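Subject: Structure handover and findings

Dear colleague,

Please find below the structure that I am passing on to you. My notes on it follow directly after.

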Amino acid sequence: MHKSKILITCPKGLAPFLKQELLNLGFPVLSESVAGVETEGALDDTLSLNLRLRTGHRVLFQLKEFSANSADELYRELYALAWEKYVPEDGYLCVTSSVDTPSIKDSRFASLKCKDAIVDRIREQSGRRPDSGPARDRSVSHLYWKDELCKAYLDTSGEPLSRRGYRKMPLTAPMQETLAAAVVLATNWNGGGNFLNPLCGSGTLAIEAALIGLNRAPGLLRSNFGFMHIKGWNERLWRELREQAKKEARASLPGRIIATDIDPAAIEAAKKNAATAGVEQLIEFGVCDYADTPLPDGGGVIVMNPPYGERMGEIQQLEAAYKGIGDYFKQKCRGYTGYVFTGNPSLAKKVSLKPKQSVHFFNSGIECRLLEYDLYEGSKKIKKT
Ligand SMILES: C[S@@+](CC[C@H](N)C(=O)[O-])C[C@H]1O[C@@H](n2cnc3c(N)ncnc32)[C@H](O)[C@@H]1O
């Protein structure tokens with residue numbers, strides 16, 4: 001089976017995590033940008049990538065790279081591609097695009113030209129043409145066009161991989177699943193110690209932690225991917241990959257995962273989401289103030305994503321909350337590594353502890369940081385700013 005370039009897109013800022021995931025899975029890294037990593041492989045390889053990647057958004061299999069200076073040139077180049085090998089003539093096609101080229105003002109026009117070329121080609125070859133529209137639950141093609149450079153892809157994910165399928169009850173300001181997975185990976189928590197998540201909201205961090213701790217492939221939760229709508233897709237391989245992934249997953253964890261929130265509706269939603277993700281028996285949920293979250297012996301990580309004023313709450317009130325988080329860390333959390341994920345640096349200062357590390361993220365376009373605090377035990381002093 002022939003190899004091609006495979007571009008995996010990711011939310012801005014997650015490329016370092018995605019790159020590491022690819023290397024761990026044995027894939028080469030050809031290049032990295034702020035919102036994607038390029039690797040290579042056969043079309044069949046996209047099955048395991050879709051099954052296993054936690055921080056990727058879309059797995060795009062490159063079919064053709066060419067240059068075009070006008071919409072007509074784009075059409076001719078795309079029409080020359082054997083789409084009938086990939087897109088079923090009785091199927092349904094969605095074309096997405098990322099376009100930044102002088103001759104095109106509206107990227108929807110480029111998508112339309114691309115769609116026309118594909119369906120015209122298929123009609124010419126088979127006498128039938130697939131339906132088309134915006135739904136991404138069947139065949140999806142992606143067009144990249146920057147200046148003269150064009151790349152045509154099969155989108156083997158369809159719906160983005162961040163839609164794991166477990167978040168049935170989102171609340172205000174939930175964290176995207178891919179971002180939550182990257183935050184857990186940034187803490188290096190691997191299921192060994194305890195994972196505490198006060199202010200858990202809809203539970204995304206705790207659920208992603210459970211999936212990571214169990215080594216459970218996130219794609220096991222989904223039943224539909226773009227590759228399933230590519231002609232002749234390898235169903236047998238998919239069954240084998242799923243079986244293998246299930247065998248590699250742990251059944252239980254040595255540590256405890258505890259997720260709490262002051263809002264009963266948040267805990268209700270988090271419980272439902274965890275049940276859909278199949279990890280509800282692993283997470284101990286509780287309705288309480290963050291400072292009353294039980295802290296089991298044995299240490300581990302404690303991750304908090306407090307509101308940061310851009311989308312929820314008022315800054316002044318939040319100053320007291322951040323100061324309280326610092327006091328809680330200092331007084332109660334010795335032996336743990338503390339993390340605060342926030343998009344407001346001046347609120348973060350109110351924690352009044354010196355962060356050991358600060359990892360850069362973006363959440364819904366807002367620049368955020370994951371601040372790490374070592375909360376030493378015993379005689380070693382907690383470092384103050
Ligand atoms: C930014 S949201 C967390 C979002 C979460 N990471 C997710 O993915 O859904 C902050 C949460 O803190 C909770 N909260 C605010 N003040 C609290 C307090 N004093 N104690 C516990 N939870 C609190 C809110 O109810 C809200 O659910």
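I begin with Ala-210, which is found in helix α6, spanning residues 204-213. The model is a predicted one. With a relative accessible area of 0%, Ala-210 counts as buried, because the limit for that class is under 20%. Leaving aside residues up to four places away in sequence, Ala-210 touches Ile-257, Val-279 and Ile-283. Glu-65 lies 145 residues from Ala-210 along the chain, and the C-alpha atoms of the two are separated by 40 Å.

The strands of an open, seven-stranded sheet follow the order β11-β10-β9-β12-β13-β15-β14, and their pairing is mixed. At its edges stand β11 (283-287) and β14 (357-363), each of which pairs on one side only. On average, neighbouring strands of this sheet are turned by 20 degrees against each other, direction ignored. Seven bridges connect β14 with β15 (residues 366-374) in the antiparallel sense, and Asn-363 stands opposite Ile-366 in β15. Helix α6 packs on this sheet, where it touches β9 (194-197), β10 (257-261), β11 and β12 (300-304). The direction of α6 makes about 165 degrees with that of β9.

The eight-stranded sheet

A further open sheet has eight strands in the order β2-β3-β1-β4-β8-β7-β5-β6, again with mixed pairing. Its edges are β2 (31-33) and β6 (131-132); each has a single partner strand, so one side of each is left without a neighbour in the sheet.

Going through the pairs, I note the following:

- β1 (residues 4-9) and β4 (residues 58-67) run antiparallel and are joined by four bridges; Thr-9 stands opposite Arg-58 in β4.
- β4 and β8 also run antiparallel, joined by seven bridges, with Gln-62 opposite Tyr-153 in β8.
- β7 and β8 pair in the antiparallel sense over six bridges, and Trp-145 stands opposite Cys-150 in β8.
- β5 and β7 pair in the parallel sense over eight bridges; the bridge partner of Leu-93 is Ser-139 in β7.
- β5 (residues 92-100) and β6 run parallel and share two bridges, where Tyr-92 has Asp-131 of β6 as its bridge partner.

The hairpin of β7 and β8 has two residues between the strands, and Asp-147 takes a positive phi near 55 degrees there. Strand β8 is largely enclosed by the rest of the structure, because six of its seven residues are buried.

Helix α1 (residues 15-24) lies across β1, β2 and β3 (36-41), running at about 20 degrees to β3. Helix α3 (residues 71-79) packs on the sheet as well, touching β4, β7 (139-146) and β8 (149-155). The direction of α3 makes about 110 degrees with that of β4.

A buried arginine

Arg-164 is found in the loop between β8 and α5 (177-186). Is this residue buried or exposed? At 2% relative accessibility, Arg-164 counts as buried, because the value is under 20%. What does its side chain reach? The side chain of Arg-164 comes to 2.9 Å from the backbone oxygen of Arg-54. Not counting residues up to four places away in sequence, the contacts of Arg-164 include Leu-53, Glu-177, Thr-178 and Glu-208. Pro-218, Leu-221 and Arg-222 are also among them.

The ligand site

The ligand is surrounded by 16 residues, and the closest are Met-175, Ser-202, Thr-204, Asp-261 and Asn-305. For Asp-261, a polar side-chain atom is 2.6 Å from an oxygen atom of the ligand. With Tyr-290 the backbone is involved: one of its polar backbone atoms is 3.0 Å from a nitrogen atom of the ligand. On its own, the ligand has 610 Å² of accessible area, of which the protein covers 87%.

Yours sincerely

Technical notes:
Residues are numbered from 1 along each chain as its sequence is written. This is a predicted model: local features need pLDDT of at least 70, side-chain atom pairs count only at pLDDT 80 or more; totals for chains, interfaces and linings use all residues. Side-chain values use heavy atoms; hydrogens and water are left out. Two strands pair if DSSP finds at least two bridges between them. Contact means heavy atoms within 4.5 Å. Axes are lines fitted to C-alpha atoms, for helices over the stretch in contact, and angles run from 0 to 180 degrees between N-to-C directions. Buried means under 20% relative accessible area, exposed over 50%, partly exposed in between (1.4 Å probe, protein chains only). A polar contact is a pair of N or O atoms within 3.5 Å; within protein, one must be able to donate a hydrogen and the other to accept it, and residues adjacent in sequence count only if both atoms are side-chain atoms. A residue is near a molecule or strand if one of its heavy atoms lies within 4 Å of it. Accessible areas come from the Shrake-Rupley method with a 1.4 Å probe; for residues, only the protein chains shown count as cover.
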